Amino acid sequence: MVSCELTFVDDKSSVCQRRLRDAVVNHMIHTCGEGRCLVEGKYSKGFRKPFSDETIVDAAADFAPRRRNNGDSVITGYRDPGTGKRTEQVSTNQYVVPYNVYFLAKYNSHINVEFVKSFSVILYLLGYMLKGPVTLDVLLKAKNVQDC
Ligand SMILES: [Zn+2]
């Protein structure tokens, strides 16, 4: 399952929910800026993503994960290693990189999970797994001693 939202926490939230939110904030927020995604004046990673109240997979196999506009946000940022300048942004669900709760909780690291939307990609991956090891047919012939 792919998630693209900050995990909401309040006074009644469990320790696990708080840890998950911390992991999302620490590892799964895309912060835009020069040296990161701004290439020739355009944001190359496609963030900020549109809000969506539900996950949509349409007939053309286009995928839009749920990113609700629920008012939740965090301040995120980064420091440019070249200039030392810090850039900050208000990050809503529009800036959450797709993640899997299990992988994020287990590895506490940035793991971008994407929905595969093309049937040919599945065939390609299965073909890779089922084709077996690389083999080579070799025919050895004994050299005729009389020819020497
Ligand atoms: Zn960006």
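1. Contacts along the chain. Among contacts in this protein between residues at least 6 apart in sequence, 55% join residues at least 24 apart. Here, two residues are in contact if their C-beta atoms, placed from the backbone, lie within 7 Å.

2. Residues are numbered from 1 along each chain as its sequence is written.

3. Confidence. pLDDT is the predictor's confidence in each residue, from 0 to 100. The protein averages 86, and 95% of the residues score at least 70. Among the elements, helix α2 (residues 101–107) has the highest mean pLDDT, 94. Helix α3 (residues 119–130) has the lowest, 76. Where pLDDT is low, the predicted coordinates should not be read in detail.

4. Layout. The protein has 3 helices and 6 strands. Helices (H or I, at least four residues) and strands (E, at least two) are DSSP runs, numbered from the N terminus. From that end, the order is α-β-β-β-β-β-β-α-α. The radius of gyration is 24 Å, well over the 15 Å that the globule rule gives for 148 residues, so the protein is more spread out than a compact globule. That radius is taken over C-alpha atoms, and the globule rule is 2.2 Å times the number of residues to the power 0.38. Along its principal axes, the C-alpha trace spans about 90 × 40 × 35 Å.

5. Burial and core. Buried residues make up 12% of the 148 residues. A residue is buried if 20 or more other C-beta atoms lie within 10 Å of its own, exposed if 12 or fewer, and partly exposed in between; C-beta atoms are placed from the backbone. The largest nonpolar core has 10 residues, among them Cys4, Leu6, Met28, Tyr95 and Leu104. Such a core is a set of buried Ala, Val, Leu, Ile, Met, Phe, Trp, Tyr and Cys residues joined through C-beta atoms within 7 Å. In soluble globular proteins, nonpolar side chains tend to be buried together.

6. Leaving aside residues up to four places away in sequence, Tyr95 touches Ile29, His30, Phe47 and Arg48. The peptide bond from Phe47 to Arg48 is cis, with omega near 15°. Arg48 sits in the loop between β2 (42–43) and β3 (56–57).

7. β5 and strand β6 (residues 86–91) pair in the antiparallel sense over 6 bridges. Strands pair if DSSP finds at least two bridges between them. Ile75 stands opposite Val90 in β6. The two strands form a hairpin with 6 residues between them, and Gly84 in the turn has a positive phi of about 80°.

8. Asp80. This residue is in the loop between β5 and β6. Asp80 counts as partly exposed, with 13 C-beta neighbours inside 10 Å. Not counting residues up to four places away in sequence, Asp80 touches Gly35 and Lys85. The C-alpha atoms of Asp80 and Gly35 are separated by 7.5 Å, although the two are 45 residues apart along the chain.

9. Phe63 is in strand β4. Phe63 is partly exposed, with 15 other C-beta atoms within 10 Å. Phe63 and Phe115 are 52 residues apart in sequence and 7.2 Å apart in space, C-alpha to C-alpha.

10. Positive phi outside glycine. Glu40 has a positive phi of about 50° although it is not a glycine. Glu40 is in the loop between β1 (38–39) and β2, and is exposed, with 5 other C-beta atoms within 10 Å. Asn108, also not a glycine, has a positive phi of about 45°. Asn108 is in the loop between α2 and α3 and is partly exposed, with 13 other C-beta atoms within 10 Å.

11. Helix α3. Of its 12 residues, the number buried is 0, so α3 lies largely in the open. Just after α3, Gly132 takes a positive phi of about 80°.
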